[in-house]
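Reader: I would like a close look at one part of this structure, the site of the ligand. Please give the cut-offs along with the terms.

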Amino acid sequence: QACRLKSTPARLCIRACCTNDSFQPQRPSFTFSGEFVDIHPGGASKLMLAAGGPLEPFWAHYAVHNQPHVQEMLAEYKIGELSPDDKAPSVLKTSDPYADDPTRHSALKVNTQHPFNAEPPPELLTENYITPNPIFFTRNHLPVPNVDPDTYRLNVAGPPGGQSLCLSLDDLYQFPKHEVTVTLQCAGNRRSEMTQFKEVRGLEWSLGAISTARWAGARLCDVLAQAGHQLCETEAHVCFEGLDSDPTGTPYGASIPLARAMDPEAEVLLAYEMNGQPLPRDHGFPVRVVVPGVVGARHVKWLGRVSVEPEESFSHWQRRDYKGFSPSVDWDTVDFDSAPSIQELPVQSAITQPKEGETIEAGEVTVRGYAWSGGGRAVVRVDVSLDGGLTWQVAELEGEEQRARKAWAWRLWHLQAPLPAGKKELNIVCKAVDDSYNVQPDTVAPIWNLRGVLNNAWHRVHVHVAP
Ligand code: MTE
Ligand code: MO
């Protein structure tokens with residue numbers, strides 16, 4: 001019997017009984033040796049949670065394992081098979097944690113189904129200034145919780161000696177309703193272009209991990225004030241916990257500085273409406289955080305708990321992910337404690353029309369796209385080149401005018417330009433400038449990082465011209 005947990009990690013055996021239907025039922029049960037523990041891509045600690053027990057609940061959850069190349073990697077570590085007597089099917093039966101996920105719009109380009117990660121195709125992304133809810137990009141790390149709005153309670157921890165709040169949805173509606181149009185962008189937007197330069201670890205987002213909605217809800221500063229919090233400690237952080245959690249019960253979490261949370265001008269919301277509708281389940285029903293100008297990862301969905309802490313959230317996603325590093329840092333040398341968590345994002349723009357590889361008509365070309373910057377910085381200009389960056393033309397900005405220092409939403413833009421006769425192909429490039437005169441870097445190379453975040457290199461599209 002090879003499935004006993006030995007005390008020294010080197011001898012550890014992890015039982016993996018692959019009887020789950022969603023997995024490969026014809027495969028025999030097997031065990032893995034401890035050599036694998038340290039190089040487990042998801043970290044040793046997560047793997048150890050499964051030690052000595054069935055893997056099904058974990059693999060059902062982290063569905064990334066259901067792929068042939070993962071099986072191949074693991075084959076090397078297989079050390080034996082369980083005798084049929086050791087199998088305990090009743091214990092191994094697990095319900096699919098994703099069975100209750102909502103249905104989604106078929107136009108979305110699915111990155112991973114479990115958890116659900118998807119982006120709208122470029123041609124739909126910039127069709128509207130406000131992204132329609134059904135095609136708003138979705139970034140889930142875990143199964144979507146099914147929250148009953150009647151029994152939902154938001155727990156807001158009070159200051160030391162103060163009282164905590166336990167707010168129903170109706171309680172939240174009593175706070176002044178605040179509305180704001182905000183563009184939400186994942187730090188991994190455009191990661192696939194970074195991978196093309198050199199491999200990175202993460203979801204292969206194209207240019208659609210960004211969307212814009214009109215959000216409404218209570219202002220976080222009003223709720224925190226009601227709980228008795230003041231901006232006395234400028235180094236403090238507001239920590240958020242989602243109601244989605246992994247098999248160990250650890251919820252999604254993130255934090256933002258208290259100074260931003262308490263600043264009414266920063267317009268941080270506990271949002272319950274998205275484009276005039278209750279939040280869709282994929283986007284955090286019934287309540288999510290919206291932090292204008294800040295990376296998507298801090299906009300915690302299915303919000304369950306808010307607290308003010310002396311330190312940033314201890315969540316994996318605050319401390320061990322969503323940070324930027326030098327191109328020289330690799331997975332052997334990375335020190336996550338050495339880099340600040342991503343908050344405000346850098347200036348960004350991308351071309352949504354024409355598409356890469358498309359053949360366009362001769363005569364005239366219309367180039368479309370989006371531009372946005374973090375921290376409320378406005379887009380002052382978008383430059384477009386049709387010759388790979390040698391010469392530039394200024395695009396026309398569309399969409400709502402931006403407010404100074406509170407430019408939370410993107411600008412859409414277009415450029416209509418005649419094509420030089422005889423051109424067989426075009427290298428179209430765009431780059432945006434924000435009101436701090438920040439510009440985008442021309443290539444990925446100097447900003448490449450092992451997690452593939454923060455890609456804001458000039459966006460390039462190569463097209464053919466019809467003869
Ligand atoms: N909140 C919870 N509770 N769970 C999550 O997985 N993902 C975060 C953030 N909030 C996440 C979350 C990340 S990384 C991003 S980019 C945004 O939600 C995506 O929001 P959206 O799915 O509404 O587009
Ligand atoms: Mo994200």
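Author: In this predicted model, the lining of the largest cavity divides into nine nonpolar, six polar and four charged residues, with Gly counted as polar and Asp, Glu, Lys and Arg as charged. The lining comprises 19 residues, and Arg139, Arg288, Gly296, His299 and Lys301 lie nearest the centre of the cavity. A cavity here is a set of points on a 1 Å grid over the protein atoms alone where a 1.4 Å probe fits but cannot get out, and lining residues have an atom within 4 Å of a point.

Ligand 1 sits in this largest cavity (more than half of its atoms lie within 2 Å of the grid points). Two strands, β6 (138-139) and β11 (237-245), are the elements that each give two or more residues to the shell around ligand 1. That shell has nine nonpolar, seven polar and four charged residues. Of the 20 residues around ligand 1, those that come nearest are Phe137, Asp244, His283, Arg288 and Lys301 (a heavy atom within 4 Å).

A backbone N or O atom of Phe137 is 2.6 Å from an oxygen atom of ligand 1, and a polar side-chain atom of Arg288 is 2.7 Å from a ligand oxygen atom. At His299, a polar backbone atom lies 3.0 Å from a nitrogen atom of ligand 1. The protein covers 100% of the 530 Å² of accessible area that ligand 1 has on its own (Shrake-Rupley, 1.4 Å probe).

Residues are numbered from 1 along each chain, and chains are lettered from A and ligands numbered from 1 as written. Local features need pLDDT of at least 70, side-chain atom pairs 80 or more, while totals for linings use all residues; side-chain values use heavy atoms, without hydrogens and water.

Methods. A polar contact is a pair of N or O atoms within 3.5 Å; within protein, one must be able to donate a hydrogen and the other to accept it, and residues adjacent in sequence count only if both atoms are side-chain atoms. On a 1 Å grid over the protein atoms alone, a cavity is a set of points where a 1.4 Å probe fits but cannot get out, and a pocket is an open set with protein on both sides within 12 Å along at least five of seven lines; lining residues have an atom within 4 Å of a point. Helices (H or I, at least four residues) and strands (E, at least two) are DSSP runs, numbered from the N terminus.
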